[in-house]
Amino acid sequence: METFEFKLEGPIFEEGIPIHLVIKAWENFQAIIDKTYLVATESHRLSQKDREIYYLRAKEFKRGSFLTNFEIYLGGVQLALPMVGVLGPQNIWDFTKESFNFLKLICENQKKEEGSKIEIIDSHNVSVLTGDTHNHFHGPVIQIAEKSLPKYQDLAHMLEEGKIESISAGSQDNPEMFLKLEDYQLFDFPKVPDDKPQDLSCEIFDFNKFRNIGKMRVSTGQIIPKGDYSFSISGSQDNVNYIYSMLKPLVKVTCLIERVKSPIGDEQISHIYVLGLSS
């Protein structure tokens with residue numbers, strides 16, 4: 001079984017290993033590879049049975065930086081799947097690194113405002129046109145990239161001058177995944193609020209009176225998809241009304257909806273700014 005490396009480098013490791021940062025980075029990295037496994041197995045979540053046969057297994061830890069040698073353990077079995085054929089540890093890593101390359105290419109071009117044209121040739125082949133260059137990706141790359149994007153954002157946001165200044169993973173001689181300080185916001189996209197206020201009927205089920213933020217649950221038939229959303233109240237509103245609103249099954253709010261449109265996947269609601277509470 002091939003051994004890979006996961007490495008964090010920066011001044012913060014000179015005096016020892018900050019456990020809280022290492023655990024956070026490792027959890028984000030594990031979650032990225034988990035997304036590959038879930039897409040490859042056409043699953044929505046990891047079950048207990050999945051975790052018994054698949055996980056990352058650390059072989060050793062080294063100091064100076066934080067360096068982990070690890071294996072992708074797949075329980076001595078190979079899964080025959082229609083999407084990827086036979087799935088093994090090397091396949092999982094290959095799809096992960098290919099999805100990283102795909103995301104990095106798309107995001108870098110988005111920052112340069114050059115744009116990229118994504119052409120889905122068939123269910124197993126994707127072509128990305130940047131300028132006059134065609135970049136070909138194979139397998140379920142777009143699905144993996146879309147699902148793992150939030151975890152890449154979390155991992156990149158751990159980069160900070162004077163602390164963690166680079167993150168890498170892959171083969172021991174030539175890591176295929178590499179992020180440096182300048183990549184802190186590589187996977188982020190502009191958040192744009194709507195121009196006009198909108199009305200929403202929702203249930204407010206959580207509210208922090210010290211920070212004036214909360215959570216709302218939106219049902220079907222609204223101007224945004226059904227789901228739970230974070231919100232904050234704008235201006236000098238009396239937050240007592242929001243505390244009492246949690247006693248009601250339904251309230252109406254006037255709000256500005258902030259959206260994020262990434263080059264892959266659907267447009268996402270990033271935040272809701274509540275301008276007023278109607279009932």
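Which residue's side chain does Lys104 meet in a salt bridge?

A: Lys104 pairs with Glu108, with 2.7 Å from N to O. Before going on, a word on the ground rules: this is a predicted model, where local features need pLDDT of at least 70 and side-chain atom pairs count only at pLDDT 80 or more, while totals for chains, interfaces and linings use all residues. Residues are numbered from 1 along each chain as its sequence is written, and side-chain values use heavy atoms, with hydrogens and water left out.

A salt bridge here is a side-chain nitrogen of Lys or Arg within 4 Å of a carboxyl oxygen of Asp or Glu. Both Lys104 and Glu108 belong to helix H3, four residues apart, or about one turn of the helix. (Helices are DSSP runs of H or I with at least four residues, strands are E runs of at least two, and both are numbered from the N terminus.) Lys104 counts as buried at 17% relative accessibility, whereas Glu108 is partly exposed at 26%. The cut-offs are under 20% relative accessible area for buried, over 50% for exposed, and partly exposed in between, using a 1.4 Å probe and protein chains only.

Elsewhere in H3 (residues 89–111), Lys97 and Asp94 are three residues apart, so about one helical turn separates them. Their side chains meet in a salt bridge at 3.5 Å, N to O. Lys97 is partly exposed, at 22%, and Asp94 is partly exposed too, at 28%. Lys97 also has a salt bridge with Glu176, at 3.8 Å from N to O. That pair links distant parts of the chain: Glu176 is in the loop between strand S9 (166–170) and strand S10 (177–180), 79 residues away from Lys97. Glu176 has a relative accessibility of 27%, so this residue is partly exposed as well.

Across the whole structure, a search finds eleven salt bridges. Away from the pairs above, Arg57, Lys59 and Glu71 form a network of them.

A nonpolar core means a set of buried Ala, Val, Leu, Ile, Met, Phe, Trp, Tyr and Cys residues joined through side-chain atoms within 4.5 Å. The largest one has 50 residues, and Phe29, Phe102 and Phe187 touch the most other members. Elements giving two or more residues to this core include H3, S9 and S10, along with helix H1 (19–40). H1 gives the most, with nine residues. Leaving out residues up to four places away in sequence, Phe29 touches Phe6, Leu56, Phe70, Trp93, Ala169 and Met177, where contact means heavy atoms within 4.5 Å.

As for H1 itself, 16 of its 22 residues are buried, so the helix is mostly covered. Its end C-alpha atoms are 32 Å apart, which agrees with the 32 Å that 22 residues should span at 1.5 Å a residue; that expected span is 1.5 Å times one less than the number of residues. Glu42 follows H1 with a positive phi, near 55°. Thr41 lies in the loop between H1 and helix H2 (48–53) and is buried at 16%. The Thr41 side chain reaches the backbone oxygen of Tyr37 at 2.7 Å and that of Leu38 at 3.4 Å.

How values were computed: A polar contact is a pair of N or O atoms within 3.5 Å; within protein, one must be able to donate a hydrogen and the other to accept it, and residues adjacent in sequence count only if both atoms are side-chain atoms.
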